[in-house]
Amino acid sequence: MNKLLSYLSAVSIGSVWLMSISGLPDDIFNARYMSSIFSTAVGALVNCAVFLFFRSKQNIRLSCLDIAIFIFLCCYWMNSSAWDSIYNIGYACLIMFYCAVKCTPVLRLNILYWACLCSLSFLSVWGYLQLCRFLPSPNPYFKVTGPFYHPTYLGLTLSALMCIVIHVIMFHILHRKYTKGLFIMESVCLLSAIPILIYTESRTAWFALIMSVILPYATRQIWGKYSIRKKVLVVTVATIFSSGLLIAFYTLKPISADGRLLIWKVGYGMIKDKPATGFGKGGFEANYLYYQAKYLLTENATEKEKYIAGNTHMAFNDFLRIGVEHGITGLVLYMAFIITLFGISGKKTLSMYISKSVLFLIVLQGLFSYPYMIYPVMAIGVVALALLSRGIRHFRSFNLPLKYINIFIAVAIISLTFLIYRKYAAYHELYAGMKNNGYNEFPAKLKQLFPKLKEDNIFLTYYCKIMEKAGNWEELSKSISILEKNHPTPALFIQKGDLLQKKSLLEEAEKAYRLAADMVPSEQKARGRLAFLYKKMGKNGEAYELANILLTEKVKNYGFETFKLHSKLKKEFQLKKRRFPLGQIQNQ
């Protein structure tokens with residue numbers, strides 16, 4: 001029975017990885033992102049069910065570390081202001097997944113490793129099919145994205161899987177414990193994934209993979225054999241190497257890197273404003289663009305920063321995000337947890353070594369990106385956390401009767417299954433409405449779905465567009481007020497300005513357009529609205545000056561919308577693409 005349980009547990013854990021990267025059918029709203037959440041959640045619940053129905057008769061032994069990990073995952077992931085959101089449901093399933101992996105008596109690690117190889121091969125083949133145009137990319141701006149919408153998701157997931165495979169190959173080579181067939185298969189899977197990882201252009205994935213392979217290996221193989229003087233030399237070389245790597249990656253995309261530096265600078269100002277408590281979970285997303293607009297109006301902001309500032313809601317640094325959302329206290333606890341996790345000694349096994357390497361990789365990814373938003377990476381990290389906890393020598397632990405564990409897991413499975421089904425039904429209903437209903441019926445259908453999906457910012461943004469087209473100003477105003485607090489964007493305030501114009505509230509509309517322009521100064525749409533509004537208000541000098549600037553400045557992203565705006569400006573103001581002296585413009 002125990003052997004059957006171990007196989008079933010390993011297969012169910014492997015299914016979480018495979019489902020998280022393959023996704024459910026594309027019959028849900030924003031399927032390329034939502035499918036990984038739904039799939040990971042379903043796979044996690046399957047794993048919990050396997051543990052519940054095929055467990056051993058022994059009591060469960062929990063430790064203080066398990067409790068600390070459970071609390072950490074809840075605080076790190078869960079958003080108390082939107083308990084029933086699909087993101088919270090997905091994270092709750094991952095927490096249950098940790099509990100099931102930790103409590104399973106016996107795990108077949110070789111089956112988990114085969115699941116990694118299968119996942120790595122699956123993603124690589126998908127990437128090659130996209131390169132050869134046999135499979136379409138869901139994002140028109142990138143050739144290779146895998147089953148995801150953005151290549152960053154693919155790159156970070158690939159780097160986590162490749163980290164596991166590389167360490168296993170190195171272990172086999174060092175200890176000469178491998179068969180020729182398996183070694184060839186591992187090498188083929190790894191080498192075939194490297195070009196796809198390169199095509200993702202994810203510098204974070206490259207850096208995290210390189211450092212998570214070299215540093216743990218150096219620590220394990222070299223560190224213990226050196227004297228203090230040689231250890232200092234090793235640290236110096238490692239610092240120089242990592243710094244050189246960062247500089248090299250910076251030169252690949254300097255504008256993108258400068259954009260992240262701007263985000264970190266503005267984020268530091270947010271921490272200074274609320275250093276003790278922070279803005280709460282989701283506070284970075286809800287407040288960053290307001291702070292960016294405020295900073296770019298100061299004398300400290302350079303012209304380059306105004307040009308590269310973008311419409312972002314990501315901190316691109318986990319330490320910064322936690323500092324903004326939970327204050328210095330949360331940041332200190334987060335750092336203490338990481339240090340404790342890596343500092344506790346345990347069994348010197350391959351699974352322990354790989355688990356620490358994978359968690360180190362995710363921490364490195366969090367320095368420059370957002371792995372906490374990528375559910376396949378989080379699923380791998382949860383397994384690594386559980387394996388690490390299983391292998392650590394616990395200084396204090398206690399037995400928990402199995403019946404209490406069974407009751408807890410059974411209630412959690414039933415509740416989460418109900419929530420997942422309800423969310424899936426809502427998104428499926430939305431998708432069906434988008435495909436089948438006539439436009440006259442669709443706004444009414446959306447209005448019915450609003451209470452079920454109002455915590456989803458992507459849905460609300462779409463809802464605003466539909467209500468604006470339908471002329472339902474009351475619903476549009478209600479959804480705009482929610483997004484202003486949770487997910488502000490320049491496009492949202494342009495919509496708000498248009499709505500205020502329709503209500504003849506011109507001064508309020510001017511403030512909305514001005515805020516949209518201040519958030520991302522390089523975008524012209526908001527300032528174009530301002531130019532037309534100024535003419536309507538009789539402010540001809542400001543209108544002509546702003547129109548002239550828009551027609552003559554360097555455009556960051558010139559597209560069809562910019563072409564239409566410039567054509568309308570030239571027609572409305574009778575201007576050509578050349579600069580006018582300010583006095584001549586004011587006289588017009």
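The side chains of K539 and E510 meet in a salt bridge, 3.5 Å from N to O, where a salt bridge is a side-chain nitrogen of Lys or Arg within 4 Å of a carboxyl oxygen of Asp or Glu. This pair links distant parts of the chain: K539 sits in the loop between α22 and α23, E510 sits in helix α21, and the two are 29 residues apart. Helices here are DSSP runs of H or I with at least four residues, strands are runs of E with at least two, and both are numbered from the N terminus. E510 is buried at a relative accessible area of 18%, while K539 is partly exposed at 29%. Buried means under 20% relative accessible area, exposed means over 50%, and partly exposed is in between (1.4 Å probe, protein chains only).

A quick word on what you're looking at: this is a predicted model, in which local features need pLDDT of at least 70 and side-chain atom pairs count only at pLDDT 80 or more, while totals for chains, interfaces and linings use all residues. Residues are numbered from 1 along each chain as its sequence is written, and side-chain values use heavy atoms, with hydrogens and water left out.

Side chains of opposite charge can pair when their charged atoms come close. The count of salt bridges comes to 15.

| Pair | N to O distance | Sequence separation |
|---|---|---|
| K304 (helix α12) and D258 (helix α10) | 2.7 Å | 46 residues |
| K496 (helix α20) and E484 (helix α19) | 3.1 Å | twelve residues |
| K539 (loop between α22 and α23) and E510 (helix α21) | 3.5 Å | 29 residues |

For the second pair, K496 counts as partly exposed at 25%, and E484 is partly exposed at 21%. There is also a network of salt bridges linking D318, R321 and E325.

Helix α21 covers residues 506-519, and its 14 residues should span 20 Å at 1.5 Å a residue; the end C-alpha atoms are 20 Å apart, which agrees. The expected span is 1.5 Å times one less than the number of residues. Besides E510, the buried residues of α21 include A509, A512, Y513 and M519. Among the elements covering the buried residues of α21 are α11 (283-296), α20 (490-502) and α22 (525-536), with contact meaning heavy atoms within 4.5 Å.

Which loop holds N317? N317 is in the loop between α12 (303-308) and α13 (318-343), and it is buried at a relative accessible area of 14%. Its side chain reaches the backbone nitrogen of F319 at 2.9 Å, and a polar atom of the N317 side chain also lies 2.9 Å from the backbone nitrogen of L320. Leaving aside neighbours within four places in sequence, N317 is in contact with W264, G366, L367 and S369.

E475, in helix α19, is buried at 5% relative accessibility. The side chains of E475 and K478 are joined by a polar contact of 3.2 Å. A polar contact is a pair of N or O atoms within 3.5 Å; within protein, one must be able to donate a hydrogen and the other to accept it, and residues adjacent in sequence count only if both atoms are side-chain atoms. Beyond its neighbours within four places in sequence, E475 is in contact with K447, Y463 and M467.

**The surface and the whole chain**

What makes up the nonpolar surface patch of about 300 Å²? V125, L129 and F134 make this patch. Patches are made of residues with over 30% relative accessible area and no salt bridge; like charges are joined within 9 Å, and nonpolar side chains (Val, Leu, Ile, Met, Phe, Trp, Tyr) within 5 Å. F134 lies in the loop between α5 (109-131) and α6 (151-175) and is exposed, at a relative accessible area of 63%.

Zooming out, the protein comes to 25 helices and two strands. Of its 588 residues, 50% count as buried. The accessible surface comes to about 28100 Å², with 63% belonging to carbon and sulfur atoms; areas come from the Shrake-Rupley method with a 1.4 Å probe, and for residues only the protein chains shown count as cover. Among contacts between residues at least 6 apart in sequence, 73% join residues at least 24 apart.
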